[in-house]
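Have the model open as you read.

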Amino acid sequence: MTQPRYDELVAAIDDSALALGSLALPPAETSLIGADELDTLLYVSSGSGRLLLDGDERSLAPRSAALVLAGEEATVEAETELRLVRATIRPDVERHVTVSLAGADAEKATGARSFEVLFGPHNGSTRATLFAGFIPPGRAPWHYHLYDEIVWVPDGPGRLHIGETTAELGPGAAFRLRPRQEHIVENASTDGELTIIGIFTPAGSPSAAYLTQAVAAEYSFAG
């Protein structure tokens, strides 16, 4: 049993329990996962392994996710070099499962974007929603959400626009979006979708986005 190599990506702040970090385990190594006061959501970015919890064993493969409740102690075993993104949130759920993007159906979000929910109220995560978003080349209109969100970018290239500030989003980039913070996440490529992994609280739908007044007026005038 070893401690995983852990890098903090987005720290918790005073008025939000959301935090995000990355973990890495070499082949054949194991690590304990879980916390007394926090639920833990895992997303596998690369490699393979197993999650063992209460005698139950689930496979961990790229693009799969897992939920470990507060007070539970799970063991992660790496079969190959295993890299995960770990999100933490205050506990308020009753069950744990593992899921995979391979078996989910995409739904529509702002503009031409789509998303797939990995964890949310429908499967036990009543405090936070974990989802994958798919953004086609280009950018959506300026908008905001009412939830507190952290976003992780597996590959890129992308750009984050907040006000007059633009940040390049390469592989492994992560950022926080506060409630009502106007923004655009842009796919900077000319072909192929940009995938993002997001977690937000309170739990709900990733499609719950609101256009800014200027953009809404422009849409209304065009109609």
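Which strands each supply at least two residues of the lining of the largest cavity? They are β12 (114–119), β13 (129–135) and β15 (148–152), where strands are DSSP runs of E, at least two residues long, numbered from the N terminus. β13 gives the most, with four residues.

A quick word on what you're looking at: this is a predicted model, where local features need pLDDT of at least 70, side-chain atom pairs count only at pLDDT 80 or more, and totals for chains, interfaces and linings use all residues. Residues are numbered from 1 along each chain as its sequence is written, and side-chain values use heavy atoms, with hydrogens and water left out.

A cavity here is a set of points, on a 1 Å grid over the protein atoms alone, where a 1.4 Å probe fits but cannot get out, and lining residues have an atom within 4 Å of a point. Points are joined across faces, edges and corners, and a volume is the space filled by probe spheres set on them. That gives four cavities of 30 Å³ or more.

Next comes the second largest cavity, at about 80 Å³. Of its 13 lining residues, Leu-20, Val-85, Ala-87, Leu-130 and Ile-197 are closest to the centre. β4 (39–46), β9 (82–89), β15 and β20 (194–201) give two or more residues each to this lining.

Conventions. 1 Å grid on protein atoms, 1.4 Å probe; cavity = no way out; pocket = protein on both sides within 12 Å on 5 of 7 lines; lining within 4 Å.
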